[in-house]
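Please have the model open beside them.

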Amino acid sequence: MNIENRPIVVFDGVCLLCNRWVDFLLRHDRVGRYRLAAMQGNHGRRLLLTHGLSADDPSSFLLVQDGLGFTDTEALIRVLAGLGRGWQIVAWMIRAVPRFVRDPTYRVARHRYRLFGRRTHCRLPDPAYVERFLD
């Protein structure tokens with residue numbers, strides 16, 4: 001897959017929960033399928049605005065895949081499914097829960113700073129993964 005066509009995960013670079021999600025992706029996305037963009041960077045901010053999300057405080061992470069934007073559990077399911085066979089089963093199990101149940105449960109992300117904390121500055125990529133981060 002061409003690097004320019006790889007899906008992009010836009011995350012909150014100062015949110016501790018979001019950074020754990022990025023750590024999870026870096027650990028399990030062994031083929032480098034997903035590129036990463038902090039919402040505080042130029043690419044992340046532009047993608048959020050393009051897909052109708054607040055660039056200052058989005059309520060969810062954003063997955064941009066094939067030019068389309070996905071949020072909440074739909075984004076989570078798509079990312080997990082892209083990680084390979086074992087994670088595809090997890091994605092299928094999440095998808096089996098009706099969206100009207102799973103999305104409100106997922107939206108704990110709106111309270112991410114209060115529940116999980118935040119950093120004083122945006123995450124800097126580990127040199128081993130710098131090519132996966134935009135900005």
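Which residues form one aromatic cluster?

1. Trp21, Phe24, Phe61 and Trp87 form that cluster. A word on the basis: this is a predicted model, where local features need pLDDT of at least 70 and side-chain atom pairs count only at pLDDT 80 or more, while totals for chains, interfaces and linings use all residues. Residues are numbered from 1 along each chain as its sequence is written, and side-chain values use heavy atoms, leaving out hydrogens and water.

2. Rings of Phe, Tyr and Trp (its six-membered ring) pair if their centres lie within 6.5 Å; planes under 30 degrees apart are stacked, over 60 edge-to-face, and the rest tilted. That rule gives 4 aromatic pairs. One of them is edge-to-face: Phe11 and Phe133, because their ring centres are 6.3 Å apart and their planes stand at 75°.

3. Phe11 belongs to strand E1 (residues 8–11) and Phe133 to strand E5 (residues 133–134), so this pair ties together parts 122 residues apart in sequence. Strands here are DSSP runs of E with at least two residues, helices runs of H or I with at least four, numbered from the N terminus.

4. Phe11 is buried at 3% relative accessible area, and Phe133 is buried at 11%. Buried means under 20%, exposed over 50%, and partly exposed in between (1.4 Å probe, protein chains only).

5. Trp21 and Phe24 are stacked, because their ring centres are 5.6 Å apart with planes at 10°. They sit 3 residues apart in helix H1 (residues 16–28), about one helical turn. Both Trp21 and Phe24 are buried.
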